[in-house]
Amino acid sequence: MLKPDKNVNQICRCFSSLMLLLLFINSANAQEKILTTPISVDFKATPLEDALNNISKQSGVSFSYNPKRISSDQKITYIAIKKTISEILDELSVIAAFEYEAIEGKIVLRPQAKSAEIAKQKSILSGFVKDINNGEALIGASVWINDLKVGTTSNVFGFYSLTLPSGVYDVSFSYIGFNRLVRTIELTISQSLDITLETAPALLDEIIVTSAEPQLVAEVQASKYNMRPVTISEKPSFFGEPDVVKSLEMVPGVKIHSDGSTFYYVRGGDRDQNLILIDDAPIFNPSHLLGLFSTIIPDAVNDITLYKGSMPASLGGRLSSIMDVRTRKGNDQHFALSGDIALLSSRLSLEGPIKKGKSSFLLSSRVSRVKWIFESIDDDIQKFQFHDLTGKVNFDFNQQNKLYFSFYNGGDKFLTSNSGIEWSNRSTTIRWNHVFSKRLFLNTTVAAGVYDYFLHTDRSSQTKWNSHVSNINLKSDFSYFKNPNEEFTFGISIGGYNFNPGNISRGGVPIPPIVSVKNSNEFIMYGNHEIRWGDHWGLNYGLRISTWTNEGEAFEFVFDGNHNLIDTIFYKKGDKYKSYQNIAPRLSIRYGINDNNSFKASFSHNVQNIHLITNSISPFSSFEVWLPSSINIKPQTANQLVLGYNRYLPSTGVSLELESYYKRMNNQIDYEAHAETLLNPLLERELRFGTANSYGVEFQMKKEEGRVRAWLGYSYSRAKRKFLEVNNGREFNAFYDRPHQVNITMSYDMNLHWNIGMNWSYYTGAPFSSPVSFYNFNGLEVPVYGQKNNDRLPDYHRLDLSATLNLNKNVESRFKHSLTFSIYNLYGRKNALFVNYNKTEQVDGSFKVPSNLLDKDLVSTQFYLLRFVPAIAYNFKWR
């Protein structure tokens, strides 16, 4: 047998080794070739397993991984155009939290080291959403990523923040009345993105929002209503004057007092349980011309939000509602002039940039032109007028810092040669916005409000009665956007109040009896947390902690159980006395059935420490006396429970809202029969305290876009009050207990020149006390009254129409002007304000108050204010 040569063996071994090396190199080259193969992919919320299969199909590479360690159903949103496999896997490994390695022709995926402890890489997208034409913040604008089914809304300053996995997204920005903007954003690092939206052109086909979950459905907060200024301007109005407060009659659950009044009542609460804020400063009396108009100039308003009892923890101080009015900052792109000339008043607004895109100003004014009407009635009238002036200046220093200064001044005067009344509201706000980071936002505000009421009894000697209330408040609000599904808001507030319940003076010198001036301080801390779980659940809960303390110099009366004065306590300047601490929780829960349907439930506890003292239900009274919670007056409190359902119909753009509520109120205020509230140092002795409860069901349907816009509201509600020393301790209907209320408002763009508006309102007549019988005493007929509010006025209803003619032939013209024709109470309904029992019927069928009541039979008569009221107004705008 031949033995192999050693050299041959070595050659064979070398050849074998060489073949193995060539195979390895070939395999490595093949794997490198695969990894460098360029492909294109487009994944939108695609499961990881499907994404890998797509890559395998295009490249031929196969993947190996353990689905128990790497989730195969996690959603991937990613776009790559002509990128290599290795580049794609490098970027996907960041998004899906895995590591990869090429082994024997396969790509093996492993979890990232410590991936259980290390979250996926996140990036933050934040910025401001504004109107492209004037730079105004768009409050409540929707920011939505349909691939991830996540989104948010801009806050009251237009700021938004979203924390997202790194990737490429189509981000949709939308706002009612504006064109939707979709931006494709590659989010690999945190970035700021300011967005400007364009106003939607007139007469578009029906615009339906389908890419973003409707805000009304998606929002966790219950009992919140947003009202746009354009909606107010389209609604037919009294004397052609758009009115912010009176437009609240469109909102189910809000009841306007009557014709000629700006008093309103929300869900069974009294009128002092509603707070109006203009840029966080309080307006204590929103009336002009004894209630015919309200104080807020629509031209100066950017956004209006009404909270019907279920308020966020950052707001409080009233039991029933808060109207949060945000004024416009002024056009920072170019100068603009606008205004109108109506029958009873004229408005003029001027705005423009101080430094284009960085700072701007706004001045908006209104003056009355009614003196000529009343002079024709009474030659003794010297002044009958009202005025408003709203202003704002803002400075955008950089992306992180913005400063705003705003003010309001308004008042009324009705003066004869020797007597009269006047009242005024003044407010000022200084606000600083600071963005600490893309997640943390700070708003610090100093706001002050002052209200004065003067009753002139002898102008020649400067004798007048004055009541006064003022407030100054420092508040810091923080917003922390943890991620798209979780937000924290928290802050503190320190404020002070000054109350003058009414003193008379002559030539500036007080005249006895003296009513004590009072001072109070309030410290508030609050926190709110909103979180969403998955596609269905949302929770918003918060806590508001307040401490109310009275401070001298003051004196307080002490009464016994029979309301007799037994002591007077004097407090020196700076003395602290009678404090109240209250904790007010809030809770809202949302369950979303799908993108267009949701159920909501909420509970809120509210506290009120300032109280309006008036026993008049007249719509023409601007008599205001405010008192703080102190020795004789406890804080008013209320618990409200709400259940609701919201639905959005994408095919029509219609939103439906149904809410039911129950509210229980404690320490409510009523009065001793024939109580004296004017020039009464023992005013608090006239007060009686009890409870109230209200409940109801509210339905609203609204369509806010398209050529036809409509709002339909209906509510059934009851409001009851009970006081041990009023009505013999029996429960009675509140004045604002009006079970049925219907409101229908429509606006139709016929063409580029004509818009038609319609409004119809109906509600059950208000309760009042009517005599149950009469008896004769010494020849006089005297009415006998039974239970309080035992009767009702006739039901109220009216129809209003308006037609606006655009006078521009060129719709693109910089100068726009129009005429508005309106008719208030088209069919002349006599809606009664009062029923009187002090007149007799004359032979000719007329009625008058007799000078001698002997042997005369008194009959009931009704007083109504407004019937058929036509009006015309000229509107203009230049920019």
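Strand 26 gives the most to the lining of the second largest cavity, with 4 residues.

Before I continue, a word on the source. This is a predicted model, in which local features need pLDDT of at least 70 and side-chain atom pairs count only at pLDDT 80 or more, while totals for chains, interfaces and linings use all residues. Residues are numbered from 1 along each chain as its sequence is written, and side-chain values use heavy atoms, with hydrogens and water left out.

Strands (E, at least two residues) are DSSP runs, numbered from the N terminus. Rolling a probe the size of a water molecule over the atoms shows where empty space is left. On a 1 Å grid over the protein atoms alone, a cavity is a set of points where a 1.4 Å probe fits but cannot get out, and lining residues have an atom within 4 Å of a point. Grid points are joined across faces, edges and corners, and a volume is the space filled by probe spheres set on the points.

How many cavities of 30 Å³ or more are there? The count comes to 16. Two or more lining residues come from each of strand 6 (122-131), strand 22 (321-327), strand 26 (381-396) and strand 27 (401-416). By class, this lining has 7 nonpolar, 5 polar and 11 charged residues. Here Ala, Val, Leu, Ile, Met, Phe, Trp, Tyr, Cys and Pro count as nonpolar, Asp, Glu, Lys and Arg as charged, and the others, Gly among them, as polar.

The largest cavity holds about 440 Å³ of space. It is lined by 27 residues, and Leu-275, Gly-316, Asn-473, Tyr-497 and Arg-544 lie nearest its centre. Among the strands that each supply at least two residues of this lining are strand 29 (440-458), strand 30 (463-483) and strand 31 (486-506). The lining of the largest cavity has 13 nonpolar, 9 polar and 5 charged residues.

I turn now to the aromatic rings. A pair of aromatic rings is described by the distance of the centres and the angle of the planes. Rings of Phe, Tyr and Trp (its six-membered ring) pair if their centres lie within 6.5 Å; planes under 30 degrees apart count as stacked, over 60 as edge-to-face and the rest as tilted. A search of the whole structure finds 34 aromatic pairs. One of them joins Trp-537 and Tyr-591, a tilted pair with 4.8 Å centre to centre and 55° between the planes. Why does this pair tie together parts that are 54 residues apart in sequence? Trp-537 lies in strand 34 (residues 537-551) and Tyr-591 in strand 37 (residues 576-594), so the pair bridges that separation of 54 residues. Trp-537 is partly exposed, with a relative accessible area of 45%, and Tyr-591 is partly exposed at 31%. On this scale, buried means under 20% relative accessible area, exposed over 50%, and partly exposed in between (1.4 Å probe, protein chains only).

A further tilted pair is formed by Phe-599 and Tyr-645, with 5.0 Å centre to centre and 45° between the planes. Phe-599 belongs to strand 38 (residues 597-608) and Tyr-645 to strand 41 (residues 636-649), so this pair ties together parts that are 46 residues apart in sequence. Elsewhere, ring pairs link Phe-128, Phe-157, Phe-159, Phe-441 and Phe-481 into a cluster.

Finally, the backbone. Most residues other than glycine have a negative phi, and most peptide bonds are trans. Which peptide bond is cis, with omega near 20°? It is the bond from Gly-552 to Glu-553, and Glu-553 lies in the loop between strand 34 and strand 35 (554-559). Lys-82 is not a glycine, yet has a positive phi of about 55°. Lys-82 lies in strand 3 (residues 75-84) and counts as exposed at 66% relative accessibility. Asn-667 also has a positive phi of about 55° although it is not a glycine. Asn-667 is found in strand 42 (residues 654-671) and, at 25% relative accessibility, counts as partly exposed.

How values were computed: On a 1 Å grid over the protein atoms alone, a cavity is a set of points where a 1.4 Å probe fits but cannot get out, and a pocket is an open set with protein on both sides within 12 Å along at least five of seven lines; lining residues have an atom within 4 Å of a point.
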